[in-house]
Amino acid sequence: MQPQIEQLRREAEEQIRSVANVSQLEEFRVTYLARKGRIALLFDGLKGVPPDQRPALGKSLNELRAHVQQLHDGKASSFATVTGSASLDLTQMGRRGHIGTKHPLMQTMDEIKSIFVSMGFGIADGPELEDDYHNFGALNFPPDHPARDMQDTFFVTRDVLLRTHTSPVQIRVMENHQPPIRVIMPGKVYRNEAISSRSFCMFHQVEGLCVDKGVTFSELKGTLISFIKQFYGSSLKYRFRPTFFPFTEPSADIYITCFICNGKGCRMCKQAGWLEILGCGMVHPNVLRNVGYDTEKFTGYAFGMGIDRIAILRYGIEDIRLFFENDVRFLNQF
Ligand code: PHE
């Protein structure tokens, strides 16, 4: 039987060299190592040999089996590395991840926020669905004010409406906090306007409020001029013009030189050379009284600005509606 064992070893050694893939390796295993394979057959043959030769032959057979198993395993592990590297094809194109960007309006908003935060303002917000009292009454709007008309305001019920400005958040902040107060209040507002490339029924404002002992109009001017210089650049010209808001007295609108035409007059500034960017004023004593503040002790200023128009001017966008269409071809540009 010893010559058979030697013969089988040589055959196995030769055959393993020609095994080129996993299925040929399996064939090899079945031929030599399986329960009915050729090595097992030789083990069966042990029964027919004289008992005194059995131990030596058994030992040789065990060695043969271990050797062939080693041949098999060595090949298997070489296949593992080959298939491993085949699945990592370094020449394949990578899959590009689409990383979103911040909406241009939110980028503008973030910049405005960070300027005011650096000047010591906190950030507050309030509901978009408001009641008549917070949106109008507490802000000293007379009962017959035109803004209370259905034509300007989206009413949900007689008393509930979509806020037309962020000023009601002033009231909510003051109802819940005692002075000193220094906050900005960004958010969405709604007006029932004809939709066009320049106006939409929803837009964004940032409101500001400062109430403390001894707050003056000079402080208002200093703070807002500092903001304008940081946001628009220090060389820009600005001007304050008196105006009217029910909730501030005195009130002003702030204008900056139109940076599209540099003050010469264009379509954007309606030939005026100036762009109105902000409404502001000293908080009306009636408003302070409505939230229970002592008007002998406290004064304050407030301001409000539209964000959408600022962003339109900054990025040279032709139609405000592009902001709200969620077209990635538009949004990818920012
Ligand atoms: N709420 C005003 C508007 O929407 C802006 C404003 C806010 C004016 C605060 C003065 C003070 O036009």
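Which residues are linked with Arg172 in a network of salt bridges? Glu130 and Asp131 are linked with Arg172 in that network.

This is a predicted model, in which local features need pLDDT of at least 70, side-chain atom pairs count only at pLDDT 80 or more, and totals for chains, interfaces and linings use all residues. Residues are numbered from 1 along each chain as its sequence is written, and side-chain values use heavy atoms, with hydrogens and water left out.

**View 1. The open sheet of seven strands.** Strand order is β1-β4-β5-β9-β8-β7-β6, with mixed pairing. Strands are DSSP runs of E, at least two residues, and helices are runs of H or I, at least four residues, numbered from the N terminus; two strands pair if DSSP finds at least two bridges between them. β1 (122-123) and β6 (238-245) stand at the edges with a single partner strand each, so one side of each lacks a neighbour in the sheet.

**View 2. Pairing of β7 with β8.** Residues 248-257 (β7) and 274-283 (β8) pair in the antiparallel sense over eight bridges. Ile256 has Leu275 in β8 as its bridge partner.

View 3. Lys59 and Glu63 meet through their side chains at 3.8 Å, N to O (salt bridge: a side-chain nitrogen of Lys or Arg within 4 Å of a carboxyl oxygen of Asp or Glu). Both lie in α4 (residues 54-86), four residues apart. Lys59 is exposed at 55% relative accessibility, and Glu63 is partly exposed at 42% (buried is under 20% relative accessible area, exposed over 50%, partly exposed in between; 1.4 Å probe, protein chains only).

View 4. Glu111 and Arg314 form a salt bridge at 3.0 Å, N to O. Glu111 in α5 (residues 104-118) and Arg314 in α10 (residues 307-315) are 203 residues apart.
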